[in-house]
Amino acid sequence: MDPLASINPYVSLKEDSQVYRKLPERSARFLRYKGIESSAKSSHGLVVFDFEVHIIADIKALYSALSYTWGHPIIDEFKDDLSHAVVCNGQRMPIGLNLNDALQHIYVESAIAPPLFWVDALCINQSDLEERAKQVSLMTSIYANAADVVVWLGKDDEDAREAYVLLSEYGPALKTIISDLITENPMGMIRAGMINLYDDAKVHERYHLTQRPMEAWKTVVRFLSRRWFSRIWIVQEMVFTNSHLICCGPLRFDWTDLDRFVSLVFGAQWHGLNFHGVQQEMSRIARVFTFHREIRMSATDYMSDDPQFSLLSPEGKLYDFAQSYLLSSAFLEATDPRDRVFALSAFVNGYAAKQGLRPIWLRADYTLQTTEVMLRTAQVLLWKTRSLDMLSYVSDLSCRADSDLPSWMPHFHIPGAVASAESFLDLHQGRKYHAGSLSTSIQTFSDIYLHMDSPKQELETHGYLLDTVEQVILFDSGFICTMEICLSLPPRYANGQSPVEVLWCTLIAGRTDTAFPAPPETANDFALFVRAALIGISLEALQSTNRDALLRLITFLGEIETRCPHPSIPTVAEFDGILSAVITDLDGCHKMLTELHATSTYRTMMSPTHWGQKGKALIRTHKGFLGLAPHSTQTGDEVWLLKGARLFHMLRKLESAPDERILLGEAYIHGFMEGEALRLDGMNYELVAIA
């Protein structure tokens, strides 16, 4: 029996069905359209089909396949009572609201009407676990051999219609703009943010575009937030078929145009417009399309930006690929959480075939519990990669759902529970960290022992306890609180840097978008960031007549000037000049603050450390090291360098078992991200168990 049968609305309805017969190998059921049958319950009538069984390869390009969502196309929490029906082999079969809308549109309201059609909910006997598993393994073949895929986004609404009008005008213009940019600069790169279609009057005038209000742009965001775009199964449904007909009611969209629009336009949201309330949706939409683009490219050749990737064996590259896409797809939706593993098998097997390898990957088996599927998959990846990168993707302790999984295991079966967006490894230059090896050109594999038969499924490895946490500062405590940590650092850090230099490096995790380590001139960007913060605090204090805030700021600046002066931090006298300018020209200072925020590259570099459900915390250790750690880090937590790891990891001792620890997450420790800890006197690895 399927332990998750309750989440599949089609299982119980088909247990007693007589229309399904055992399928031969490499074959599938298809729907042969027969017409419309009148019905008292439906003004449109019932769509009538006969089942036909064919070996998939024998009918290449002679059928179409449907791509859609089982639930509501827009609403997440929707209870589908399956009150609609079609007729298959003379028997009425209940179907959901969205599938009914799709079939009514395809066969009644439009001229699409493919004579032979494949629809998963009807063509697979969902109550037969053996058939279901076999058909899932054939999904790639089913979509690859289809003449085309009909995509159903749901019925159109006001948002969809407004988005269609905007995209119909801006899509062609975007092609022309790109062509012009290439002509003007043939060697230049086209990237997000170069093209401001929001409010650049010159762009609108040159390309004869209608300037639209912010609400029109938000309709595009809401349209692209429809549930179909976030389904994990649509990845292979789109990648393995070149011909797609994307329908939203009577509206038609082109995937290439949508991808171009999202990749180039959604990266430009800093152009001064207020996207308040939809920033998360914009980010998620961009991630969806980026993932599609990357996995489509991997269908020809997977390349990682990891400098150590070229050192891997063909088998190592295969499992690096598998782990990368398993973790990066964890934000996508799946009705059945086990499909997060099963849906990627086509890409793993496809990549392996190109390398002449036979991969070890979990086959679809719906008799397994979710935790068993996840643990078996993690076991394969840790065993084959011999890397601890997976540990960087556990979410903050305060955000983890109750689970039987060990703390070292990312919850990639739960949408949004994998910390892929905020992992240090996924920052620009993040793959250049090598805390556990002396160089990125030297492979240092981890010693990994998994106690899968133990009740706690401990991961045992070798590690070095660098230090324990003495102070934790959360970023929401404010600018001054963050800056005051400089006063707690030694005059010269372990690497010889001054306290202020250590702080500005740490806040951006030691890297910029183009370099690691961050070059010294980044201090100039930090100085502009500090100036903007000082103006902001001054404006707020003056408007609220908060004299104490100004006194605290002046006191802090005085202590920095006395104990650890740095050009990026104004002296008290210099701050008096800033304050005088604020007092004499409030409006001008507001404008200056807006400009500083808009042009602050440091602010952009620092933003990723605030991303995710909780963001990172600033920590100071007992020995005076500064770093970034998970939000839930507490005083007394331990900073470990696990053998072969690129990053440090935060562990917490278990009161019930002092020899065991739980994983809080990854950590950046300034001055130790290029193997420096390996050169410390007395550095020795010891066994550490993570439950």
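The model is predicted, so local features need pLDDT of at least 70 and side-chain atom pairs count only at pLDDT 80 or more, while totals for chains, interfaces and linings use all residues. Residues are numbered from 1 along each chain as its sequence is written, and side-chain values use heavy atoms, with hydrogens and water left out.

Helix α17 spans residues 499-507 and is mostly covered; helices here are DSSP runs of H or I with at least four residues, strands are E runs of at least two, and both are numbered from the N terminus. Eight of the nine residues in α17 are buried, that is, under 20% relative accessible area with a 1.4 Å probe and protein chains only. Among them are Pro499, Trp504 and Cys505. The cover over these buried residues includes helices α16 (479-483), α18 (522-543) and α22 (601-606), along with strands β12 (616-621), β13 (626-630) and β16 (660-669), with contact taken as heavy atoms within 4.5 Å. After α17 comes Ala509, which has a positive phi near 55 degrees.

Turning to the loops, Ile74 sits between β3 (64-67) and β4 (84-88).

Asp453 belongs to the loop joining β10 (449-450) and β11 (459-474). With a relative accessible area of 82%, Asp453 counts as exposed (over 50%). Asp453 and Val380 are 73 residues apart in sequence, and their C-alpha atoms are 15 Å apart in space.
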